[in-house]
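User: I would like to go through the salt bridges of a protein chain. Please take the questions one at a time.

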Amino acid sequence: MRSRTSTPRTPIHPCTGCVRCGYEGPCVFKDGMDAIREAMLASDMVVFVTPLYYYTVSAQLKTVIDRFCPFNSSIQRKRMRSALLAEAWDSDDWTFESLETYYRTLMRYLNLTDMGTVLGAGCGTPAMARASRYPRLAYELGRGLR
Ligand SMILES: Cc1cc2nc3c(=O)[nH]c(=O)nc-3n(C[C@H](O)[C@H](O)[C@H](O)COP(=O)(O)O)c2cc1C
């Protein structure tokens, strides 16, 4: 799902809440988010991919989501499709509960339409994930998109 060795070539600065963007405008930080913004606004779907960290998205993904702030209204207007791919060590029936709630709330706020979620329980290491049924489910999710 995500390479353990992948390091962002351009780091993404956390949003500081200065709101110089006015919630729709240029961000004061010029970094890897510029490419993500451009790619998102040229796309009709966004896929959130994350390991489960303390029952929610990783800090890395949350940093990116916080930086949606300067193009928040543009995302809302686009009415994009979305999907969620996540993996966790545990496999209790409540393992993904708070992540699912967060994702649903984000979808509601950003006017996203869910195309599917793959929640990989019992995927504590890359080898465990590879041996599970979840990579296939993620593949099928993508393949089924029109
Ligand atoms: C900081 C941290 C927090 C974690 N929190 C959880 C958790 O709340 N629940 C869980 O089941 N697994 C948790 N894990 C395990 C990871 O979700 C799991 O190992 C993940 O599948 C690893 O994905 P990766 O191989 O892509 O790094 C945590 C791991 C780390 C490093």
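User: Which residue forms a salt bridge with Arg 136?

Analyst: A salt bridge here is a side-chain nitrogen of Lys or Arg within 4 Å of a carboxyl oxygen of Asp or Glu. The closest N and O atoms of this pair are 3.0 Å apart. The partner of Arg 136 is Glu 140.

User: In which helix do Arg 136 and Glu 140 lie?

Analyst: Helices (H or I, at least four residues) and strands (E, at least two) are DSSP runs, numbered from the N terminus. The two residues are four apart, about one turn of the helix. Both belong to residues 134–143, helix H6.

User: What are these values based on?

Analyst: Residues are numbered from 1 along each chain as its sequence is written, and side-chain values use heavy atoms, without hydrogens and water. The model is predicted: local features need pLDDT of at least 70, side-chain atom pairs count only at pLDDT 80 or more, and totals for chains, interfaces and linings use all residues.

User: How many salt bridges does a search of the whole structure find?

Analyst: One of them joins Asp 44 and Arg 81, at 3.7 Å from N to O. The search finds four.
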